[in-house]
Amino acid sequence: MGLKINMSKSIPCTMMRGGTSKGLYFLKSDLPENESDRDQLLLQIMGSPDERQINGLGGANPLTSKVAIVSKSILPNVDIDYLFAQVVVDQPVVGYGQNCGNILAGVGQFAIEKGLVLAEDFETDVVIHMVNSGDNAIATIQTPGGIVNYNGHAEIDGVPGKAAPVRLNFLNTAGSLCGSLLPTGNVIDIIDGLEATCIDNGMPIVVMRALDFNIDGTESVSELEANKTLKANIEKIRLRAGHLMNLGDVAEKTIPKMTLVSNPTNGGMVSTRSFIPHRCHSTIGVFAAVSVATACLIPGTTASEIAKIPKSANKMIIEHPSGGMDVDMEIEINTNDINVKRSGFLRTARKLFEGEVFVG
């Protein structure tokens, strides 16, 4: 009589690099409908809570512990629904309080390859509804001959090598999570005695000057990670800013992000060091970069007085520890009315593997 092997249940899974992040992509239909059951499953798959995530697929860093849940949309003029989940590395927490523009960069390809979107020749526009915020984005995917192409000559800072470009354009992201672009109604707020700009153009962030924390803003990620006093002060301000930004108690949330700005050093518009929120980002989040760029263009903010606005203000570089991120945007200001007319940028993505992840 042959040996019987008890195999665990498995779920279809695709791992992709999207922008400067890496995550797992699932069809919504392959995951439990009940949110609590789904969260427990995602924690198990990633190996959380554990700082090494040794028993799962997570990479022991917030940038590599992300999930995209994708389904065909029933909304008019929309192709795909995309729900982003941030699986916390060292806590049993799955957060849905934000979008992720980096992981978004792989959603269109995933949807096409799973048969949710019919590819066109040369390139395909995929209209994506970002469930977390209720906003829409258009991802332009390279599809020569109706097949997704990942190879190309586009480069982004923070990622080695080249890949096919993914153009992302956002529709109506101002105030996506806080209700308004400037949720406090002010361009400057005083929080714990320091000036801060609270802004939400796709990602709620608090923009503050690096010099106000007695740093120059060019420190390495490892230096900032080791500065416990700095991190404690930033977190104290973040908790207070959460209430001011209509986010309530953010102690267990991953928003708002905290961004320290300083003079650019490599030809960009402004230099940044971002906390997401408890770890220093090795680059900067896509939506955070858009929000920073927006703050740079609004007179009177903590970023505007530092920013070096280029002649072509719709092509801006937000510097970060690994280089810079190009942001393409335009705003219109009439007295106190600020209208974000366009915001977008270029990313790349790479499919890493596709198969089944074992659970249970």
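The model is a predicted one. Its chain contains 6 helices and 16 strands, and the radius of gyration of 20 Å agrees with the value near 21 Å that a compact globule of 360 residues would have. Two strands, strand 4 and strand 11, are followed in detail below, since every one of the 8 residues of strand 4 is buried and 6 of the 6 residues of strand 11 are buried as well.

**Overall dimensions and surface**

- When contacts between residues at least 6 apart in sequence are considered, 62% of them join residues at least 24 apart.
- The chain carries 30 positive and 39 negative side chains, and the centres of these two sets are 4 Å apart.

- Strand 4 covers residues 80-87, and because 8 of its 8 residues are buried, the strand is largely enclosed by the rest of the structure.
- In a regular strand, side chains alternate between the two faces of the sheet.
- In strand 4 both faces are covered, with I80, Y82, F84 and Q86 buried on one side and D81, L83, A85 and V87 buried on the other.
- Strand 3 (residues 66-72) runs antiparallel to strand 4 and is joined to it by 7 bridges, and within this pairing V67 stands opposite A85.
- Strand 6 (residues 122-130) runs parallel to strand 4, with 3 bridges between them, and I128 in strand 6 is the bridge partner of I80.
- Strand 5 (residues 94-95) is joined to strand 4 in the antiparallel sense by 2 bridges, where Q86 has G95 as its bridge partner; the two strands form a hairpin with 6 residues between them.

**Strand 11 and its partners**

- Strand 11 spans residues 204-209 and is mostly covered, with P204, V206 and M208 buried on one side and I205, V207 and R209 buried on the other.
- Strand 10 (residues 194-200) pairs with strand 11 in the antiparallel sense over 4 bridges, and D200 stands opposite P204.
- The hairpin of strand 10 and strand 11 has 3 residues between the strands, and in this hairpin G202 adopts a positive phi near 105°.
- Strand 12 (residues 257-262) runs parallel to strand 11 and is joined to it by 5 bridges, with M258 of strand 12 standing opposite V206.

**The loop between strand 11 and helix 4**

- A210 belongs to the loop between strand 11 and helix 4 (221-226), and its relative accessible area of 0% places this residue among the buried ones.
- Leaving aside residues up to four places away in sequence, A210 touches I215, D216 and G217, and also L260, V261 and S262.
- T294 is 84 residues away from A210 along the chain, and the C-alpha atoms of the two residues are separated by 18 Å.
- N214 also lies in the loop between strand 11 and helix 4, but this residue counts as exposed, because its relative accessibility is 74%.

- Most residues other than glycine have a negative phi, and most peptide bonds are trans.
- N214 has a positive phi of about 60° although it is not a glycine.
- N172, which is also not a glycine, has a positive phi near 60°; it is placed in the loop between strand 8 (165-171) and strand 9 (189-191), and with a relative accessibility of 71% N172 counts as exposed.
- The peptide bond from S48 to P49 is cis, with omega near 0°, and P49 is found in the loop between helix 1 (35-46) and strand 3.
- The peptide bond from I255 to P256 is likewise cis, with omega near -5°, and P256 is found in the loop between helix 5 (228-244) and strand 12.

Terms used
Residues are numbered from 1 along each chain as its sequence is written. This is a predicted model: local features need pLDDT of at least 70, side-chain atom pairs count only at pLDDT 80 or more; totals for chains, interfaces and linings use all residues. Side-chain values use heavy atoms; hydrogens and water are left out. The radius of gyration is taken over C-alpha atoms; the globule rule is 2.2 Å times the number of residues to the power 0.38. Contact means heavy atoms within 4.5 Å. Lys and Arg count as positive and Asp and Glu as negative; His and the chain ends are not counted. The place of a charge is taken as NZ of Lys, CZ of Arg, CG of Asp or CD of Glu. Buried means under 20% relative accessible area, exposed over 50%, partly exposed in between (1.4 Å probe, protein chains only). Two strands pair if DSSP finds at least two bridges between them.
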